[in-house]
Amino acid sequence: MSVFDGLKFRKISSPIHNLDPRIKFIYVIAIFICAILFPQMLPLIILFIIQLPFVFIAKVQKQWIRSLRGAAFLAAFIFIINVLTTFFYNNYTLTFTNVESALAMTTRFIVLVESFSLFFLTTSPDHLGLAFEQSHMPYEFAFAFTTAVRFVPVMAEEAQTIMDAQKARGLELEKGNILKRIRNYIPILIPLIVSAIRRSMELAEAMESRAWGATKKRTNLYLLKLHKADYILISLTILLLIITIYTKLYVQIPQISELLTSLTLFAT
Amino acid sequence: MAVIEVRDLVYTYPGVSKPSIDGVSLTVEKGEFVLITGPSGCGKTSLCRTFNGLIPHFYQGELKGQILVAGEDVTGRQTFDMAKRVGLVFQNPENQLFALSVEKDVAFGLENLGMSRDEMRKRVDWALNLVGIYDLRERAPHEVSGGQQQRVAIASVLAMQPEIIVLDEPTSFLDPLSAERIFEVIYKLNQEQGITVILVEHRLDLTAKYANHLIVMDKGKICLEGNPHDILCNEDVGNIGVGIPKATLLHKQLKMKGFPVNPKTPLCSDELAAQLLEALSK
Ligand SMILES: Nc1ncnc2c1ncn2[C@@H]1O[C@H](COP(=O)(O)OP(=O)(O)OP(=O)(O)O)[C@@H](O)[C@H]1O
Ligand SMILES: [Mg+2]
């Protein structure tokens, strides 16, 4: 059952979790823009580091590291592809600068993963659904989203039950070649689909009985309100964007390899 | 005063040849606790669906006869209009809860009605307190037990303050103790809030004592109707396939064997025990 436990959402409270999801999303987009604007290693490393405090304030280090580890394979892939293309492009030579720009590409990817995982690790689905509802999207979207979150663990549990039941009747899932194995899953899929349809009928019936569609102007029990922390975050985000644009326009960003060589020269 | 009047109702689901409700007429008075029972497939759920217009609006099909709720014809009203009058609670608690927290679920109907936030807050808290789950209001639906889920479903219907609450086998997914607690909650609503209750239930052992109007259905028809004390001693009840309370059966045996018990049919063991004590002390 532990596989499915991961699908269940939990409520955690921390200053980061309590931030307005809309503001957090704007922050993620800002990080995204900054990371795209800089092709150099140095600013990307800075972007990576300035996000670390959020991870620790939210106390999600463990899950966060897990998501980075998940991205490691793709990061390595990006690095190798970059190095190889420059290698072949420059007539089979490779400079420090080349390696560094490949590393920068990889870091950019890691920064993106970092901010997105921070967002999803610290935003509870009901908060997210609420943000959907209160950003003038059609309510059906928000409803579809929260209902999906609500029923994914239920259906996962059901799938497990059906699987156990069919195994008890002698169904062997891990047998035969690929095609056979896929076919083995049919006796599990069919009851699952049938039950999902029946469930959706019952849901629709219950919704109708609770005045679904009574008025176009639906109200909401909760109201998302901006707090002090939200204003702080939005100020930080704006500051970050200003610094980025300024640096981009007026500052010559050094390569780390250059810095290192000049440093070694200086030492000798 | 009659809150529900059904006249010569015949209803057939689309694509089915046999009617599922076959000539039902009944009257429910305001403040009654109505218990509907009968063997599986006799049309209890279908009858419940007619009270708020799910039949015929949601299910389509062919309907003859009349259903009047508070004097108004249901077929002329939308289900969301009826929802303010008639609250339906279904069998499976899991499939009636859609939100990610208990209180949001209780608010669902009120949100649909477009109620103001302050009023909604009051109603939600009132409904949660009434069924005794105020402390669970911030939990997620999968974090509470089946019995508690069913209470959430009841609260979410109550929040709309209906005059009538219809419960279709609300406890069939629960253990007897949780079931009994749910019935106590329902009985309290009936007694203290004056809400008319229509309860569909197989387990008469647990519920007969609450009811003052018992309806026994079979094959889409009503075959017996009246006060449970009168109906349950009827010979025919056993033949239809209705689970008669054990106290009632024992009382019948005692009477047959010539034990001098009170002739009034008891519906639960407490009632029978009182009768036995009375007989023994003479
Ligand atoms: N959605 C439907 N479409 C077609 N036929 C249906 C539908 N729902 C119920 N029926 C049929 O109507 C008849 C009455 O069913 P209903 O569900 O009302 O019985 P019930 O008394 O509630 O039974 P149970 O005690 O098993 O819940 C049955 O013969 C059933 O097959
Ligand atoms: Mg039924």
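Colleague: In what order do the strands of the open sheet in chain B follow one another?

Modeller: In a regular strand, the side chains alternate between the two faces of the sheet. In chain B, the six strands of the open sheet follow the order β6-β7-β8-β3-β9-β10, and their pairing is mixed. From one strand to the next, the twist averages 15°.

Colleague: Why is one side of β6 and of β10 of chain B left without a neighbour in the sheet?

Modeller: β6 (86–89) and β10 (221–226) of chain B stand at the edges and have a single partner strand each, so one side of each has no neighbour in the sheet.

Colleague: How do strands β1 and β4 of chain B run, parallel or antiparallel?

Modeller: Strand β1 (residues 2–12) and strand β4 (residues 62–69) of chain B run antiparallel and are joined by seven bridges. Thr12(B) stands opposite Glu62(B) of β4(B). Two bridges also join β4(B) to β5 of chain B, residues 72–73, again in an antiparallel arrangement. Here Leu68(B) stands opposite Asp73(B). β4(B) and β5(B) form a hairpin with two residues between them, and Ala70(B) in the turn has a positive phi of about 50°.

Colleague: Which residues surround ligand 1?

Modeller: The residues around ligand 1 include Tyr13(B), Val16(B) and Ser20(B), together with Ser40(B), Gly41(B), Cys42(B), Gly43(B), Lys44(B), Thr45(B) and Ser46(B). This shell consists of three nonpolar, six polar and one charged residue.

Colleague: Into which domains is chain B divided?

Modeller: Chain B has domain 1 (1–85 + 162–238), domain 2 (101–160) and domain 3 (245–282). The C-alpha centres of domain 1 and domain 3 of chain B are 30 Å apart. Between these two domains, eight residues of domain 1 of chain B are in contact with eight residues of domain 3 of chain B. On the domain 1 side, α8 (204–207) and α9 (228–231) of chain B are the elements that give two or more residues.

Colleague: How many residues does each chain bring to the contact between chain A and chain B?

Modeller: The size of an interface is often given as the accessible area lost when the parts come together. Counted in residues, the contact takes 30 from chain A and 36 from chain B. On the side of chain A, the largest share comes from α9(A), with seven residues. That side divides into 12 nonpolar, eight polar and 10 charged residues.

Colleague: Where in chain A is confidence lowest, and where is it highest?

Modeller: Where pLDDT is low, the predicted coordinates should not be read in detail. In chain A, confidence is lowest in helix α1 (residues 2–5), at a mean of 46, and highest in helix α10 (residues 228–250), at 94. The mean pLDDT of chain A is 87, and 96% of its residues reach 70 or more.

Terms used: Residues numbered from 1 in each chain as written. Chains lettered and ligands numbered in written order. Predicted model: local features only at pLDDT ≥ 70, side-chain atom pairs only at ≥ 80, totals over all residues. Near = placed C-beta within 6 Å. Nonpolar A, V, L, I, M, F, W, Y, C, P; charged D, E, K, R; others polar. Domains from an automatic or database assignment. Contact = placed C-beta atoms within 7 Å. Helix = DSSP H or I, 4+ residues; strand = E, 2+ residues; numbered from the N terminus. Pairing = 2+ DSSP bridges. Axes fitted to C-alpha atoms, helices over the stretch in contact; angles between N-to-C directions. pLDDT = per-residue confidence, 0-100.
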